[in-house]
Amino acid sequence: MAGILYTADFESAIGTLRVASSDKGLAYVELPRANGRGLMGWHQRHGEGARLQEGYEPNRPFIAQLVDFLEGKREDFDLPLDLRCTPFQTTVYEELLRIAYGETHSYAEVAAAVGRPKAVRAVGAAAGSNPIPIVIPCHRVIASGGKLQGYAGGLHTKARLLAMERSGTGNGQLC
């Protein structure tokens, strides 16, 4: 799939985010302090020949919803997505989208919900490969004992996102 992936960087309540979108929708969100893979690594694996081009305007609706979410002004997203992933990852991401704002599920609960109760590690790998964190809320997935585990933007960011959602104040304060 050749074409263009429009990229834009913007400031948010959790730091600088980078997004990439196509004519189909939001394809990638890079968190601050991402674990090293970043946009270029994702583009090499999933860009399918698309050319990267700076483009704030095509990304405006995606940026606006992300900013609103991180400021506590919205609890969910209404965005077209351009997911480039395996069928199993798609199934996991669809299940993650069912986790309500302010709630968490364990990796084991997600594995059971997708009909693969023994695939806990595979669910963790899929969550770790999530190209659209925050929008696909992999931050809401925790270890069975309640411990925070793995997040591309770091556990501190995961904890802040969960605290913001649990506060329910809607004032945009990231604890």
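Student: What kind of model is it, and how are residues numbered?

Tutor: It's a predicted model, where local features need pLDDT of at least 70 and side-chain atom pairs count only at pLDDT 80 or more, while totals for chains, interfaces and linings use all residues. Residues are numbered from 1 along each chain as its sequence is written, and side-chain values use heavy atoms, with hydrogens and water left out.

Student: What's the average pLDDT of the chain?

Tutor: pLDDT is the predictor's confidence in each residue, from 0 to 100. The protein chain averages 90, and 92% of the residues score at least 70.

Student: Where does pLDDT stay under 50?

Tutor: Over residues 169-175. The model has 14 contacts beyond four places in sequence for that stretch.

Student: Back to Val 19. Which strand is it in, and is it buried or exposed?

Tutor: Val 19 is in strand S2. Helices (H or I, at least four residues) and strands (E, at least two) are DSSP runs, numbered from the N terminus. Buried means under 20% relative accessible area, exposed over 50%, and partly exposed in between, using a 1.4 Å probe and protein chains only. Val 19 has 0% relative accessibility, so it counts as buried.

Student: Which residues touch the most other members of the largest nonpolar core?

Tutor: Val 19, Leu 26, Leu 66, Leu 96 and Ile 134, out of 36 residues in that core. A nonpolar core is a set of buried Ala, Val, Leu, Ile, Met, Phe, Trp, Tyr and Cys residues joined through side-chain atoms within 4.5 Å.

Student: And which elements give two or more residues to this core?

Tutor: The strands are S1 (4-12), S2 (15-21) and S3 (26-30). The helices are H2 (56-70), H3 (87-96), H4 (107-113), H5 (120-128) and H6 (155-167). H2 gives the most, with six residues.

Student: What does Leu 66 contact, leaving aside its neighbours within four places in sequence?

Tutor: Phe 10, Val 19, Val 29, Phe 77, Ile 134 and Val 135. Another core lies apart from the largest one, with seven residues, among them Leu 5, Ala 27, Tyr 28 and Ala 50.

Student: Where does Ile 134 lie, and what's its phi near?

Tutor: Ile 134 lies in the loop between H5 and strand S6 (141-142). Its phi is near 80 degrees, a positive value in a residue other than glycine. Ile 134 counts as buried because its relative accessibility is 1%.

Student: What about His 139?

Tutor: His 139 is also found in the loop between H5 and S6. It counts as buried, at 0% relative accessibility. Beyond four places in sequence, His 139 is in contact with Ile 134, Tyr 151, Lys 158, Leu 161, Leu 162 and Glu 165.

Student: Switching to pockets: what lines the second largest pocket?

Tutor: On a 1 Å grid over the protein atoms alone, a pocket is an open set of points where a 1.4 Å probe fits, with protein on both sides within 12 Å along at least five of seven lines; lining residues have an atom within 4 Å of a point. The lining here is Glu 75, Asp 76, Phe 77, Leu 79, Leu 81, Leu 97, Ile 99, Tyr 101, Ile 134, Val 135, Pro 137 and Arg 140.

Student: How many of those are nonpolar, polar and charged?

Tutor: Nine nonpolar, no polar and three charged. Ala, Val, Leu, Ile, Met, Phe, Trp, Tyr, Cys and Pro count as nonpolar, Asp, Glu, Lys and Arg as charged, and the others, Gly among them, as polar.

Student: Last one: is Ser 12 buried or exposed, and what's it in contact with?

Tutor: Ser 12 is in strand S1 and is buried, with a relative accessible area of 16%. Leaving aside neighbours within four places in sequence, Ser 12 is in contact with Leu 17 and Leu 70. The C-alpha atoms of Ser 12 and Leu 70 are separated by 7.0 Å, though the two are 58 residues apart along the chain.

Technical notes
Contact = heavy atoms within 4.5 Å.
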